[in-house]
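Have the structure open as you read.

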Amino acid sequence: MTEPHKSADDLVAAFQIEGWPVRGRIVRLGPVIDDILSRHAYPEPVANLLGEACALAALVGSSLKFEGKLIVQAQGDGPVSYVVVDYDTSGGLRGYCSFDPERVEAVSHGFARPGAKTLLGKGVFVMTVDQGPNMDRYQGVTPIEGETLALSAEHYFAQSEQVPTRVRLAVGQLQTAEGTSWRAGGMAIQYMAGDEARGSTDDAWEREQVLFETLGEDELIDPEIAPERLLYRLFHEDGVRLFTPKPLHAFCRCSRDRVVGMLRSFGEEERDSMIEQDGLIRVTCEYCSRVYEVAPETVPAGEGG
């Protein structure tokens, strides 16, 4: 791959197949996903899983019509016990994985890269919509299905939303003069059922699925293929309209105040056990890997103290 066009990266956009009851979204991640994945020493299969989750969270979260966040997570009894991504409706993404390095290594041998089912094992796929303070959360839970998070997402929409949906996700690495960087992409299409005015739209949905099946994972992350060009490749016979893209960025909610607040929840004895030889407590953010150094005497007594 060559250097990406900056204007085609770190964005998510809706599109509509002209004259047909099919809508969709496309996401392209460059520096944002490289930032998220490079903050941790993830094995390649684990980084791929988290990259898929980030692309999926942007695809789904960007459809929210209010200020809040979408949390995409999957957890199971496999080598990766937990993968979670937050999408903030400002366009922010953050995520991390919890995994057993030895178990990941054990399933990573062979010709095929281990996918979601192999890494997560038996477990659940969860989407949570958080509309902010004083609002109820909405959560949907389905079993993990298939070797990609895309299949789990399709199953989720079929079971929890009753909306026929197709999803394709891709993650890869780009070689540049500066080194290696991560890229990710995704596309989803959804079926809008017929009504009295339109009549049955099943044939149209079948047609667009056939076209969607021709989409290659390499096309989703190729920096030389802008989103509008990729959509034209797929749907030019029917016509496709791409709406204004929304920019995406990496973010984290951690702060010193949050860390001190968390430490206040522990009892004095527990806090004492956290003190290292130089007299400081160190807390590492699971999302961004930032390390906070806190002097124990600066933590006021809290509920746990």
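## Overall make-up

The protein chain has 10 helices and 14 strands; these are DSSP runs (H or I of at least four residues for helices, E of at least two for strands), numbered from the N terminus. Keep in mind that this is a predicted model, where local features need pLDDT of at least 70, side-chain atom pairs count only at pLDDT 80 or more, and totals for chains, interfaces and linings use all residues. Residues are numbered from 1 along each chain as its sequence is written, and side-chain values use heavy atoms, leaving out hydrogens and water.

## Size and packing

Along the principal axes, the C-alpha atoms of the protein chain fill a box of roughly 70 × 50 × 35 Å.

Of the 305 residues, 49% count as buried, meaning under 20% relative accessible area (1.4 Å probe, protein chains only). As for contacts (heavy atoms within 4.5 Å), take those between residues at least 6 apart in sequence: 65% of them join residues at least 24 apart.

## A look at helix α1

Which residues of helix α1 are buried? In this helix, residues 31-38, they are Val32, Ile33, Ile36 and Leu37. They sit on the same side of α1 because they cover an arc of only 120 degrees around the axis, going by the directions from the helix axis to the C-beta atoms.

The cover over these buried α1 residues includes β2 (22-29), α2 (44-61), β5 (92-99), β9 (179-191) and β12 (249-250).

Terms used. Buried < 20%, exposed > 50% of the residue type's maximum accessible area, 1.4 Å probe, protein only.
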